[in-house]
Amino acid sequence: MGLCRPAAFRQYDGGKISCRPGGDPETHTDAGALTDTSTIVSSRTRGSGRENARPWPRRTVVIVPSAVTFAVAVWGIRGPSLWRDEAATLSAVRRTPGELWSMLQNIDAVHGLYYFLLWPFVRWFGDSEIVVRLPSAAAMAVAAFGVTVLGGRLLSHRVGMLAGLVFAVTPTVSRYGQEARSTAFVVALATFATLLLVLAVERGTARWYAAYALLLASTIAAGLMSVLLIPAHLVYILLSAGPGGNRKARVRAWASSAAIALVAASPFAVLAWRQRSAVQWIQETDTDQVFGVVSTLFGGGYVFVLLPLAAIGAMGALGGRRFAHAKTKTKMEAEAEASPEASPGASPGVSPAGARVRTFRFLLAWMLLPGALLLLVSLAQPMFLFRYLACSFPAVALVSGAVLADMGNKTRIAVVAVAAILFVPAHQVVRTPDAHGGDDIRALSDFVGGHKRPDDAVVFLPAFWRHVTAAYPEGFSGLRDIAQEATPRTAATLTGSEVDVPEFNRRLETVRRVWIVEPGEPDLTGVRTDPLWAAKNAITGSPGFAGSLTRKSGGYRVRLYTRSR
């Protein structure tokens, strides 16, 4: 006898819970809100006589992709050095809640929600590399669970399982699952916001739309560019509404929820606009940048492993023959088409094959629409970075899982084997010391710590690189920051404030050895943002100082200058 499972694992027939005995989780699936029809069946199982097979143990199987995601993410999690953005995280979460709140009024408001989520974790367990990165690994594992469940609701349980596993082993997931930043949380929130949208349209009740609005607002607050998810959700609503009297009601319900989410997240948007100078460093979008973002979206490591699968999925979205024409109908499909009343709210005349095409169209919109819109925005304000498109990555995994599920066993095994071979080098790359942003602050801190002397001074060229010392403060401890006037905590910023030129020169007169911390390549933005640029830079060409030690590691360089007379 079939058992009625908790809601997350139940099947839905047109919005009603179905606890049919003997339903095969691969074939007894829900068309979701996209069609309002009863069941969609994977084309590989149609007519196979497996309708009465024993159900999968979904309560345990559905967590497998999550477990794999977490295991892969924690593998080598200490390999990459903390980089400049993670240094900002550590600088923020080491403050008291009041100090953190004050800082967010001046800088990094877009990461405020993430900082407050991470803050108690750091208070309880410390601020080591592993501790600050583990929440991101856990967030990616939660996202994998969401991908698995969402794939099962939209297409089939096999699709959900394969999509979850694709998500788990992709190097991009490991890269951001090993980073103490908000990207992994945005991925998880975007996945579950979409899942709640599906459930809200299925159930059609205000409670589910309210839950969707709350989670969508949280997603936007965690990453403002997640607002680009809303057009993709609009596509879902338009595809799911279909003919019937409830079309306008659904559109109104979704529009109201989206509007509430936007209003709730608006304070973050206002602060972010005031702090927009923080993204002035982003360069104008060029082909190399687009290439890098696309490669990260479709696998990571410039290998584009998932791009062919996404292309096949696009064919499905466009109504390709392989996806648009159903094979032999199962008994359940025939019953659903012959008796729409068996599925309340179902739309007569919508075939399971047509529902499958609609699903692929939605996934294609989710996968590509945010990137296309961000590219347009970047024409006015350069912002084309993968971190701003993280909300789209679950769709890539879902499309890939759906295409894999439609393949024969031998073809699927071959594709998975090739992908695994191509993914291995990318996984190795994302675990190297300078994998995050090209920074290896750990090596620089160790170098300075091994060569510093009492009374040594330090200068940051330009000033906003001061915050990188928060990543590994041990090597820089004890050095006199002769340009600093107020500490980052006191100034409620990431970099603090600096003295004027006369005071800097007066302090420099008492220094015998000074360390200069600067980017590995010339950073012209510092000329515009650092009033002390000329005075600091004069040290390198001054006849009174001679360079004695230099160490370049990743995106940074430290140079030691000793007074020659």
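The following legends describe close-up views of a predicted model.

**Figure 1. Overview of the predicted chain and its secondary structure.** The chain has 565 residues, and 56% of them are buried. Its secondary structure consists of 24 helices and nine strands. Of the contacts between residues at least 6 apart in sequence, 77% join residues that are at least 24 apart. The accessible surface of the chain amounts to about 23400 Å², and carbon and sulfur atoms account for 63% of that area.

**Figure 2. Helix α18, residues 393-405.** The helix α18 comprises 13 residues. From its first C-alpha to its last, α18 reaches 19 Å, which is close to the 18 Å expected at 1.5 Å a residue. Because 13 of the 13 residues of α18 are buried, this helix is largely enclosed by the rest of the structure.

Figure 3. When residues up to four places away in sequence are not counted, Thr194 touches Leu150, Leu229, His233, Phe362 and Trp366.

**Figure 4. The second largest pocket and its lining.** This pocket holds about 480 Å³ of space. Its lining is formed by 20 residues, and those nearest the centre of the pocket are Arg466, Thr469, Ala470, Gln484 and Pro488. Three elements of secondary structure, namely helix α3 (84-93), strand β3 (457-460) and helix α21 (488-491), each supply at least two residues of the lining. By class, the lining of the second largest pocket contains nine nonpolar, six polar and five charged residues.

**Figure 5. The second largest cavity and the residues around it.** The structure contains two cavities of 30 Å³ or more.

Terms used: Residues are numbered from 1 along each chain as its sequence is written. This is a predicted model: local features need pLDDT of at least 70, side-chain atom pairs count only at pLDDT 80 or more; totals for chains, interfaces and linings use all residues. Side-chain values use heavy atoms; hydrogens and water are left out. On a 1 Å grid over the protein atoms alone, a cavity is a set of points where a 1.4 Å probe fits but cannot get out, and a pocket is an open set with protein on both sides within 12 Å along at least five of seven lines; lining residues have an atom within 4 Å of a point. Grid points are joined across faces, edges and corners, and a volume is the space filled by probe spheres set on the points. Contact means heavy atoms within 4.5 Å. Helices (H or I, at least four residues) and strands (E, at least two) are DSSP runs, numbered from the N terminus. Buried means under 20% relative accessible area, exposed over 50%, partly exposed in between (1.4 Å probe, protein chains only). Accessible areas come from the Shrake-Rupley method with a 1.4 Å probe; for residues, only the protein chains shown count as cover. The expected span of a helix is 1.5 Å times one less than its number of residues. Ala, Val, Leu, Ile, Met, Phe, Trp, Tyr, Cys and Pro count as nonpolar, Asp, Glu, Lys and Arg as charged, and the others, Gly among them, as polar.
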